[in-house]
Amino acid sequence: MGVRLFGAATLAILLVGCGGRGEITDGGITTVRSPCPTVAVPAGTGDITLFDPPASRDATALDLTAVVGNLQSTCGDAGDQIVTTVTFDVEARRTRTEAARTVDLPYFITVVRGGSAVVAKRIGRVQLNFPAGQARAKVTAQASTTVARAAATLPEDVRRQLTRRRKAGEEDAAIDPLSQPEIRSAVLRASFEALVGFQLTDAQLRYNATR
């Protein structure tokens with residue numbers, strides 16, 4: 001599918017990318033877009049809450065909360081393979097601090113093509129270490145992925161239609177080429193996203209959605 005994921009062992013695999021943008025210019029659409037995937041955290045998956053006992057949702061049962069943050073990415077798109085590397089932090093806070101504790105939290109990375117087609121997914125784990133007496137812990141992780149340049153490149157005929165100069169008075173001068181289904185589909189097929197978040201259980205997803 002033109003996508004390969006790889007990353008450091010014991011760390012969550014995460015994909016991010018350089019964003020693209022489009023500019024309307026005199027006579028046509030100049031597409032200033034990067035083949036690098038863009039990155040996002042799906043709603044409701046950027047934080048996790050643990051309870052003890054797990055089935056309870058009482059405030060007195062709150063055990064630990066954690067969030068993903070400080071995403072920083074680099075993208076090398078000079079060759080046939082687009083290599084994207086990201087570092088990110090996971091910060092957590094626990095309620096009971098008497099003893100030292102180690103917590104493993106699961107992450108997912110899913111690569112989406114065209115806004116809806118999942119082409120790759122991987123589960124990883126990140127480890128947080130709490131010394132005795134400490135309520136907070138933080139860990140920084142790094143991982144990389146590759147996407148084939150060919151898969152993220154617009155076909156030449158589509159590029160020509162997007163950038164073709166249009167003169168006032170021409171029949172199609174006011175028509176946005178992206179309104180044409182075949183052009184829009186081609187742009188979507190060449191667009192990749194990386195969606196990353198905690199790998200939550202159904203109960204944890206419901207909690208995030210309703211709290």
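**View 1. The largest cavity of the predicted model holds about 40 Å³ of space**. A search of the whole structure finds one cavity of 30 Å³ or more. Rolling a probe the size of a water molecule over the atoms shows where empty space is left.

**View 2. Residues D47, I48, T49, F51, R57, L200, Q204, Y207 and N208 line the largest cavity**. Two elements, β5 (47-51) and α3 (202-210), each contribute at least two residues to this lining. With four residues, β5 provides the largest share of the lining. By residue class, the lining of the largest cavity consists of four nonpolar, three polar and two charged residues. Among the lining residues are also R57 and L200.

**View 3. An open sheet is built from four strands in the order β4-β11-β8-β9**. The pairing in this sheet is mixed. The edges are taken by β4 (38-40) and β9 (117-130), each of which has a single partner strand, so one side of each is left without a neighbour in the sheet. From one strand to the next, the twist averages 20°.

**View 4. Strands β8 and β9 are joined by 13 bridges**. The two strands run antiparallel, with β8 covering residues 101-113. L105 has V126 in β9 as its bridge partner. In the order of the open sheet, β8 stands between β11 and β9, and β9 is an edge strand with a single partner.

Methods
Residues are numbered from 1 along each chain as its sequence is written. This is a predicted model: local features need pLDDT of at least 70, side-chain atom pairs count only at pLDDT 80 or more; totals for chains, interfaces and linings use all residues. Side-chain values use heavy atoms; hydrogens and water are left out. On a 1 Å grid over the protein atoms alone, a cavity is a set of points where a 1.4 Å probe fits but cannot get out, and a pocket is an open set with protein on both sides within 12 Å along at least five of seven lines; lining residues have an atom within 4 Å of a point. Grid points are joined across faces, edges and corners, and a volume is the space filled by probe spheres set on the points. Ala, Val, Leu, Ile, Met, Phe, Trp, Tyr, Cys and Pro count as nonpolar, Asp, Glu, Lys and Arg as charged, and the others, Gly among them, as polar. Two strands pair if DSSP finds at least two bridges between them. Axes are lines fitted to C-alpha atoms, for helices over the stretch in contact, and angles run from 0 to 180 degrees between N-to-C directions.
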